[in-house]
Amino acid sequence: MVTRLSQLKVDFPFMVAPMVGLSHVAFRELIRAYTPEAITPLLFTEMLSSRRLPSERLERAENLFVAENERGLVPQILGNEERFIAPSIEKLMALNPWGIDINMGCPKKKTLSHNWGVLLLGDKDYAADVVRVTKKYCNVPVSVKLRAGLGDSIDLDYLHAFTDALEAAGADWMTIHCRASRQKHRGQADWEILQTLSQRRNIPIVANGDIQTAQDALRLITEFGVDGAMIARAATARPWILWQIAHQLGEGAPARGRDLVNPPTTPEEEGREYFQAVLRFAFMLEKYFGKSPESLQRLKFYIGVSSPWLPYGHHFWKTIYSSREMDEAVDRIASYATQYPQPLRSRVSH
Ligand SMILES: Cc1cc2nc3c(=O)[nH]c(=O)nc-3n(C[C@H](O)[C@H](O)[C@H](O)COP(=O)(O)O)c2cc1C
């Protein structure tokens with residue numbers, strides 16, 4: 001599909017978002033396992049602190065683990081000072097990233113104490129400097145993921161002025177999370193703001209927020225005029241969503257490593273595959289992180305985020321949550337899947 005992202009050699013403009021606790025190497029591998037071989041989707045790391053990155057050891061830091069020959073990787077950094085950003089990027093270049101993303105959307109208290117994340121959104125000149133500095137040390141595309149608004153609401157004039165400054169500073173593309181910062185991840189995302197913003201920009205604009213189905217992702221490009229769609233939580237419930245999109249675009253190839261010829265489509269097919277995906281995810285967690293307490297923690301977190309798409313998701317989550325070891329959790333998931341088969345819901349309200 002041709003959009004302005006094609007200028008950056010991105011021909012499949014659908015991607016999976018950075019998510020702390022989720023978008024690590026095992027999750028990215030799960031997504032790729034459900035994506036046709038010919039497609040290399042852009043997949044983000046969890047947000048990475050530029051204060052910690054310089055002293056981190058690649059073979060030890062679990063949030064920096066990558067798969068062998070991983071392509072399409074976009075590490076996301078939290079940063080504001082050149083003395084931290086420069087060595088952070090140097091470190092990240094060893095991961096052979098496709099691009100580097102700057103976080104300007106995180107509203108968490110800890111993030112705010114360093115004056116980065118969504119706080120950058122409060123000062124466009126300061127934010128533009130962060131882009132300029134990052135570009136100075138990168139020989140790959142630099143993007144920014146930002147909130148559409150600060151506080152309770154979206155001020156379109158401000159958003160336009162802010163993105164003017166980022167574009168002038170050399171940002172190669174941007175993702176807009178269509179919620180204001182105080183909304184956190186709740187409530188409806190306002191996709192209506194995207195049309196004028198996208199027209200105003202000379203660089204690709206990617207939509208994020210409340211994209212739950214393949215149709216949502218495609219509509220954003222065809223009806224709201226953006227250049228790409230970034231899926232976050234819904235990709236945990238339907239990690240085959242990129243495959244569904246590819247399928248709708250006529251790219252009918254089966255996903256790599258799957259015995260299914262077509263992506264799951266009906267609620268029943270999706271519900272069945274959901275449990276298979278959770279088991280597969282557990283396997284990938286063990287592959288990268290062992291049968292460790294951290295693997296179990298990550299598995300529980302994944303189920304916590306993805307299970308609302310099941311009609312009895314809370315029941316499923318509670319059943320697994322009390323597991324003390326990976327093996328126990330895996331046994332419970334497998335028997336739950338046969339005891340309580342459920343369709344997957346198309347959309348949930350956050
Ligand atoms: C558990 C969790 C962790 C997140 N971590 C990050 C992050 O590290 N960096 C970031 O830019 N956004 C992060 N986000 C925000 C998502 O990338 C996305 O913008 C948000 O969830 C809205 O998309 P959705 O409605 O499709 O979920 C996180 C969201 C969740 C739910």
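Predicted model: local features only at pLDDT ≥ 70, side-chain atom pairs only at ≥ 80, totals over all residues.

Modeller: Residues are numbered from 1 along each chain as its sequence is written.

Biologist: Why is Leu22 called buried?

Modeller: A residue is buried if 20 or more other C-beta atoms, placed from the backbone, lie within 10 Å of its own, exposed if 12 or fewer, and partly exposed in between. Leu22 has 21 C-beta neighbours inside 10 Å and therefore counts as buried.

Biologist: Which residues does Leu22 touch, not counting those up to four places away in sequence?

Modeller: They are Phe27, Thr236, Phe301, Tyr302 and Val305; contact requires C-beta atoms, placed from the backbone, within 7 Å. Leu22 itself lies in the loop between β1 (14-16) and α1 (25-33), helices (H or I, at least four residues) and strands (E, at least two) being DSSP runs numbered from the N terminus.

Biologist: What makes β4 and β5 a pair?

Modeller: Pairing requires that DSSP find at least two bridges between two strands. Five bridges join β4 (residues 100-104) to β5, and the two run parallel. Asn103 stands opposite Lys145 in β5.

Biologist: How many bridges join β5 to β6?

Modeller: Six, and these strands also run parallel; Ser143 stands opposite Trp173 in β6.

Biologist: How do you know that β5 is mostly covered?

Modeller: Eight of the eight residues in β5 (residues 142-149) are buried.

Definitions and conventions: Contact = placed C-beta atoms within 7 Å.
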